[in-house]
Amino acid sequence: SESSCPECDDQFSSFSGYPQQFASSISAKRVGCMSFSCPCPCHSSWLGGGSMVRAFQHYYPDIHLDTVELDPKVAQVAKQFFHVKETAKHKIHFSDGRQFLRLNKTRKYDAILMDAYTSNQFGTHIPFHLATKEFFALASEDLTKEGVLVFNVIGTYDDWRSDIVGSMYQTLKSVFPHVYHFQASDTRNIVMLAVKSKEPLT
C-alpha cells in the first residue's frame, strides 16, 4: 500500500530498532496496542507519535487495530501532528490497559503490543500493574490460541537496567510457555515476545 504522507514514507524507509522489530515479527488479523502515558509529552508511551500504528496501517492495511491510550491529549497530538488516523480498522480507546483487558469480553487478539512507561521524580519506569504475573495472565486470556504478547523493555542485557530486563523475562515465563527477546540495533530497547502456544517458534 502507499502512504499519503511523503514524510511517513521517509520514516518508514529508515525504520530501525524496536519499531521495525514490532511490525515485522507479527502476522495477525487483530492487534491490540496498549499504552500508559506519562505526564511529559516527550515520554508518552504507546500511542505517542503513533509510529507503530502508522507502520501497521502502512504495511498491513488489512489488520484490525485497537489502540488503548490513557491520555486523550496524546491522541489529539498524534492526530494533529503525526498523521495518526482512526479508521474502520483502527479504533483508539481511552482507558488503562489493564482495565481494558479486564473488561474485554468480545475480542480475541492475535497480538497484544505493549510499550508502557510513566515517570516520576525517580525516573521513567514500566507501570507496576502492567508488569505483573496477574496482568500477563489477563493478557493471555485475551489472546487467540497462537497469539503473542510483545513488550518493549528499555534496558540492556548486562548493564543499565539489566535487572528490569531479567525480571520482565522471568515474569513473562511464569505465564507463557515460550518467551523470546530481541535487542534493537541502535537503541537500548529489548523487545520481548511471549508466545501462548506450547509449540516453540521455528
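The questions and answers below go through the helices, strands and nonpolar cores of a predicted model.

User: What are the ground rules for the numbers?
Analyst: Residues are numbered from 1 along each chain as its sequence is written. In this predicted model local features need pLDDT of at least 70 and side-chain atom pairs pLDDT 80 or more, while totals for chains, interfaces and linings use all residues, and side-chain values use heavy atoms, without hydrogens and water.

User: What makes a stretch count as a helix or a strand, and how many are in the protein chain?
Analyst: Helices are DSSP runs of H or I with at least four residues, and strands are runs of E with at least two, numbered from the N terminus. The protein chain has seven helices and nine strands.

User: What makes the largest group a nonpolar core?
Analyst: Such a core is a set of buried Ala, Val, Leu, Ile, Met, Phe, Trp, Tyr and Cys residues joined through side-chain atoms within 4.5 Å. The largest has 27 residues, and Phe-136, Leu-149 and Leu-172 are among those touching the most other members. Helix H6 (133-141) and strand S7 (143-154) are among the elements giving it two or more residues.

User: How do you know what Leu-172 is in contact with?
Analyst: Contact means heavy atoms within 4.5 Å. Leaving aside neighbours within four places in sequence, Leu-172 meets that limit with Phe-136, Leu-149, Val-179, Met-192 and Ala-194.

Definitions and conventions. Buried < 20%, exposed > 50% of the residue type's maximum accessible area, 1.4 Å probe, protein only.
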